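Student: I am new to this and would like to learn how to read a structure. Could you walk me through it?

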Amino acid sequence: TSLPEALGLSGVTLTYKDYITGNSYPVDDYILSVPAQSGCKVVAVELKLTNTGNSAAVLNSSTGSVSIKLIAGDKNVNSYASMLKNDLTTLKNVSLSAGESKDVVVLFQVKESDANSIAGSVMSATSSGASLGSITLN
């Protein structure tokens, strides 16, 4: 099982794009953004979701037993669900035509002391204890 399948997203692939660390995400949108909690920075892992099927797909995430973590410093940090329309863990009725891609994000609240050394950190996903894969941030 892949991470998209475990989230209930069939017929799509997920590829790593980049990560951003800051006081909020997205950094250029103050109307709808996720602020860092006190003593933390927001780490946003940006991914690309691509519809590999021959027809349009309507995507609705269901995290269920899926756990997405980031190893930051010596700590495992759980993903932080948000109301952002492109949050991978909370997609609702997102339409994606055949071959179309959409940028999505997984957010984490990481202690400021660990936020400066995110490069090389690993984001991993599991479902009921089984690995769904991992991505090294670079």
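Tutor: Gladly, and we can begin with charge: Lys and Arg count as positive and Asp and Glu as negative, while His and the chain ends are not counted. The place of a charge is taken as NZ of Lys, CZ of Arg, CG of Asp or CD of Glu. In this protein there are 9 positive and 11 negative side chains, and the centres of the two sets lie 4 Å apart. Please keep in mind that the model is predicted: local features need pLDDT of at least 70 and side-chain atom pairs count only at pLDDT 80 or more, while totals for chains, interfaces and linings use all residues. Residues are numbered from 1 along each chain as its sequence is written, and side-chain values use heavy atoms, with hydrogens and water left out.

Student: How many helices and strands does the protein have?

Tutor: Helices (H or I, at least four residues) and strands (E, at least two) are DSSP runs, numbered from the N terminus. Here there are two helices and 11 strands. Their order along the sequence is α-β-β-β-β-β-β-β-β-β-α-β-β.

Student: What does the radius of gyration tell me about the protein?

Tutor: It is taken over C-alpha atoms, and the globule rule is 2.2 Å times the number of residues to the power 0.38. For 138 residues, a compact globule would have a value near 14 Å, and the 15 Å of the protein agrees with that. The C-alpha atoms fill a box of roughly 45 × 35 × 25 Å along the principal axes.

Student: Is Leu-49 buried or exposed?

Tutor: Buried means under 20% relative accessible area, exposed means over 50%, and partly exposed lies in between (1.4 Å probe, protein chains only). Leu-49, in strand β4 (residues 40-51), is buried, with a relative accessible area of 0%. Across the protein, buried residues make up 39% of the 138 residues.

Student: Which residues is Leu-49 in contact with?

Tutor: Contact means heavy atoms within 4.5 Å. Leaving aside neighbours within four places in sequence, the contacts of Leu-49 include Leu-9, Val-12, Leu-59, Leu-91 and Val-104. For the protein, residues 24 or more positions apart account for 71% of the contacts with a separation of 6 or more.

Student: How many salt bridges are there?

Tutor: Side chains of opposite charge can pair when their charged atoms come close. The rule asks for a side-chain nitrogen of Lys or Arg within 4 Å of a carboxyl oxygen of Asp or Glu, and the count comes to three. One of them joins Lys-17 and Asp-103, whose closest N and O atoms are 3.0 Å apart. Lys-17 lies in strand β1 (residues 12-22) and Asp-103 in strand β9 (residues 101-111), so this pair ties together parts 86 residues apart in sequence.

Student: Which residues do the salt bridges with shared partners join?

Tutor: Lys-75 meets Asp-74 in a salt bridge (3.1 Å, N to O), and Lys-75 also meets Asp-114 (3.9 Å, N to O). Through shared partners, Asp-74, Lys-75 and Asp-114 form one network. Asp-74 is exposed at 68% relative accessible area, whereas Asp-114 is buried at 11%.
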